[in-house]
Amino acid sequence: MTVNEQDVEKIVKQVLAEMGGVSQSGPAKGAFTSYTSLGKAGTTSIPEKAHVAVLVENERFEIKEYPIPPVGDDDILVKVEGCGVCGTDAHEFKRDPFGLIPVALGHEGTGEIVAMGRNVKADSAGKPLHIGDKVVTCMIFEDDPEITMFDLNKKNVGKADVYGLLPDDEYHLNGWFSDYIFVRGGSTIFNVSDLDLDSRILIEPAAVLVHAVERAKSTNILRFNSRVAVQGCGPIGLLCIAVLRTMGIENITAVDGNEKRLEFAKRMGANKTVNFNDHKGIEALTKGVYDSFGGHLCDFAFQCTGNPQAHANVYKFIRNGGGLCELGFFVNGGDATINPHFDLCSKEINLVGSWVYTLRDYGTTFDFLRRAKGIGLPVSELITHRFPLQDINEALKTNLAMTGLKIAIVN
Ligand SMILES: [Zn+2]
């Protein structure tokens, strides 16, 4: 196990430990109501049993059948339409670092409300909720919209139910890799009925970029006409370009070593690309970036790879007084060597780090996805593989092979 994995595990374990008292509490037994609340929908009949992909041992999901529990006054039953596969799912699939087996995974999911308790009136943003609405859950809880993942270490997580990472309990319908999920009262939930299925599946990863760009804006350097370099064109870098483009920044150079990804970067809004394989050494690469901006270094750079050498390189692309947002090291990827005098001090670089998102960023993300679609960015093409629920093992293996961009389960 590497140090990076330990860090993330420690945090997740702590979050889970603090949630311990929550999942047991659930709705009070006396609070259960029958399904009368869904009478008016009329279109969806609810089966007696749900199918849930349960990770039963390392690298093996089994599709299990569980009875759908009665929906309490504060609860919501959602028919799952799809769920993205996240790095966290792949991590847990491979070797259960959080000690959760047996566990229902999948947190990047979305679906349609088919039943809800009589107390449920609105989502976490105050938007009304009705049967038939399309929703997502969010792992950041609603009592503090500005809280960051970083703060979760220090604060009580309150009533958060982190679907897709919950320990198994008497409900069993705890993850989005399923056909029904049981959302308990008090969970963070959003009505996103006006977004298409692909956009809804991409909400969670896109929120990471909305947060990163908010962090970047805090340096006061980003302008409409800024020259911006985005290094790394995996899903994160590509979404970064799309977020920048939707906010009106058009002078973007994408840097990567894969020509296919660079082509995609152009369609997502980059107007120039630099393939680092065409430039031997950091001086030549810097010249490539400089030339792409018509003889200028960039005003701001986003570092979206998990490679320490790439982190060291990115400073060279930035002008004196420019800014850098480092968001590629979601987990510990090792130490990078920079020269603090040349790279930071004498250039007066404004450096910000970014990790996960806040609840407020989640709301902004819905707007971003609408705008991206509105201006024709091919965001949904980020989903390169779609698997039915029964092929979940293959989906996770495809994710681990890292041949595609976003892998999704679509029911
Ligand atoms: Zn995720």
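A residue is called buried if 20 or more other C-beta atoms lie within 10 Å of its own, exposed if 12 or fewer do, and partly exposed in between, with C-beta atoms placed from the backbone. The structure described here is a predicted model, in which local features need pLDDT of at least 70, side-chain atom pairs count only at pLDDT 80 or more, and totals for chains, interfaces and linings use all residues. Residues are numbered from 1 along each chain as its sequence is written. Helices (H or I, at least four residues) and strands (E, at least two) are DSSP runs, numbered from the N terminus.

The account begins with backbone geometry. Most residues other than glycine have a negative phi, and most peptide bonds are trans. Val356 is a non-glycine residue with a positive phi, near 55 degrees. Its place is the loop between strand 14 (350–353) and helix 10 (359–374), and Val356 counts as partly exposed because 18 other C-beta atoms lie within 10 Å. His172 also has a positive phi, near 65 degrees. This histidine belongs to the loop between strand 6 (134–137) and strand 7 (180–183); because His172 has 21 C-beta neighbours inside 10 Å, it is buried. A cis peptide bond, with omega about 0 degrees, links Ile101 to Pro102, and Pro102 sits in the loop between helix 2 (87–95) and strand 4 (103–104).

Strands of a sheet pair through backbone hydrogen bonds, either parallel or antiparallel. Two strands are said to pair if DSSP finds at least two bridges between them. Three strands make an open sheet here, in the order 2-1-4, with antiparallel pairing. Strand 2 (60–67) and strand 4 are its edge strands, each pairing on one side only. Strand 1 (residues 49–57) is joined to strand 4 by two bridges, and Val54 has Ala104 of strand 4 as its bridge partner. Between strand 1 and strand 2 there are eight bridges, again in the antiparallel sense; Lys49 is partnered there by Pro67 of strand 2. The hairpin of these two strands has two residues between the strands, and Glu59 takes a positive phi near 60 degrees in it.

Beyond strand 2, Ile68 lies in the loop that runs to strand 3 (76–84). Ile68 is buried because 20 other C-beta atoms lie within 10 Å. Contact between two residues means that their C-beta atoms, placed from the backbone, lie within 7 Å. Leaving aside residues up to four places away in sequence, Ile68 touches Ile46, Glu48, Lys49, Ala50, Leu77 and Tyr180.

Helix 2 has Thr88, Asp89, Glu92 and Phe93 as its buried residues. Seen down the axis of helix 2, these residues fall within an arc of 135 degrees (the arc of the directions from the helix axis to the C-beta atoms), so they line one face of the helix. They pack against strand 1 and helix 11 (392–401). Asp96 follows helix 2 and has a positive phi, near 45 degrees.

A second open sheet contains six strands in the order 11-10-9-12-13-14, with parallel pairing. Strand 11 (272–275) and strand 14 each have a single partner strand, so one side of each is left without a neighbour in the sheet. Axes are lines fitted to C-alpha atoms, for helices over the stretch in contact, and angles run from 0 to 180 degrees between N-to-C directions. With direction ignored, neighbouring strands of this sheet are turned by 20 degrees against each other on average. Strand 12 (residues 298–303) and strand 13 (residues 318–326) are paired in the parallel sense over five bridges, and Cys298 stands opposite Ile318 in strand 13. Helix 7 (residues 281–292) packs on the sheet and touches strand 9 (227–231), strand 10 (251–256), strand 11 and strand 12; the direction of helix 7 makes about 170 degrees with that of strand 11.

Helix 10 also takes part in a helix pair. The axes of helix 4 (residues 203–217) and helix 10 come within 8 Å and cross at roughly 105 degrees. The two helices are therefore roughly perpendicular to each other, a description that covers angles of 65 to 115 degrees, whereas angles under 35 degrees count as roughly parallel, over 145 as roughly antiparallel and the rest as oblique. Helix 4 contributes Ile203, Ala206, Ala207, Val210, His211 and Glu214 to the contact, and helix 10 contributes Asp361, Tyr362, Thr364, Thr365, Phe368 and Leu369.
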